[in-house]
Amino acid sequence: MSEITYLTRKGECPPTAVHFDDNGKPYCAIDIACPLCGGTGRTSWTPDPICIACDGEGGSGRAERIPLYTPDEIQRLEAALAKKRARQEAARARSLQTLEENHGAILEAARAIRNASPYADRILDTIERTAALSPAQAASLERAVAEHRDPGPSQHLGAIGERIAITAVVTKVAPLKPRFRSKGRPTAPACAVTLTTDDGHQLVAFTATPCSPRDRFTISGTVKTHKTWKGKRQTIVTRAKLTPEV
Ligand SMILES: [Zn+2]
């Protein structure tokens, strides 16, 4: 018996002794650590530092069974896996080919604006990764291409670093994810606000000022950057102050 070598699926030596289950299949067992203390046997957050779940032993009382294989079996498994991957790769290549045949025009148009449009680039990335194109993705690409051809009336305002003050209406309010907020500072920006001037120029500001769509403000602040988002030119304003228009 001892001449036969058993290895883990990764081809490594078993970390613990080899056992055999009722069907004669080899395995080794690794003790699972106590889930409460993580195997240390101690808890720092209770008055009594001895872990109550494992009584300080650090184990969960359960073991994970790791199946073992002979080198021959591992070779066969690897060969089967390589075949499966080759089949999947071939299927993917066929799907991509079909995509090009059915949606060649929009894919080509989207690729042409790929460098200028992060939005189109992201969708193309997904399409190329999944080798599939949903109707929603096709519509998004069509829109990205159309908006790129006609960015609409919005122009970039001011020069970078310049202070501006302009009247605009809130068109979109997006709450910031908590991790982008500064803890314990009530004046820290809580949302990203998109505002549109009467001439159709878009501004984006991060603010703690409560606001909702259709609110009219005088926005003053410093021009931070000029961006293009989904084909629309936007002026990003930093240290923005929003004063309600009456
Ligand atoms: Zn424990």
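## A helix that bends

In this predicted model, helix α1 covers residues 71-112 and spans only 51 Å between its end C-alpha atoms. A straight helix of 42 residues would span 62 Å at 1.5 Å a residue, where the expected span is 1.5 Å times one less than the number of residues. Helices here are DSSP runs of H or I with at least four residues, strands are runs of E with at least two, and both are numbered from the N terminus.

At histidine 103, α1 bends by about 90° (the angle between axes fitted to the seven residues ending there and the seven starting there). Of the 42 residues of α1, one is buried, so the helix lies largely in the open. Buried means 20 or more other C-beta atoms within 10 Å of a residue's own, exposed means 12 or fewer, and partly exposed is in between, with C-beta atoms placed from the backbone.

Leucine 141 is buried, because 24 other C-beta atoms lie within 10 Å. Leaving aside residues up to four places away in sequence, leucine 141 touches Ile106, Ala110, Ala120 and Ile123; contact means C-beta atoms, placed from the backbone, within 7 Å.

## Valine 223 in β7

Strand β7 (residues 216-229) holds valine 223, which is partly exposed, with 19 other C-beta atoms within 10 Å. Its C-alpha atom is 66 Å from that of tyrosine 6, 217 residues away in sequence.

## Reading the numbers

Residues are numbered from 1 along each chain as its sequence is written. Local features need pLDDT of at least 70, side-chain atom pairs count only at pLDDT 80 or more, and totals for chains, interfaces and linings use all residues.

Conventions. Contact = placed C-beta atoms within 7 Å.
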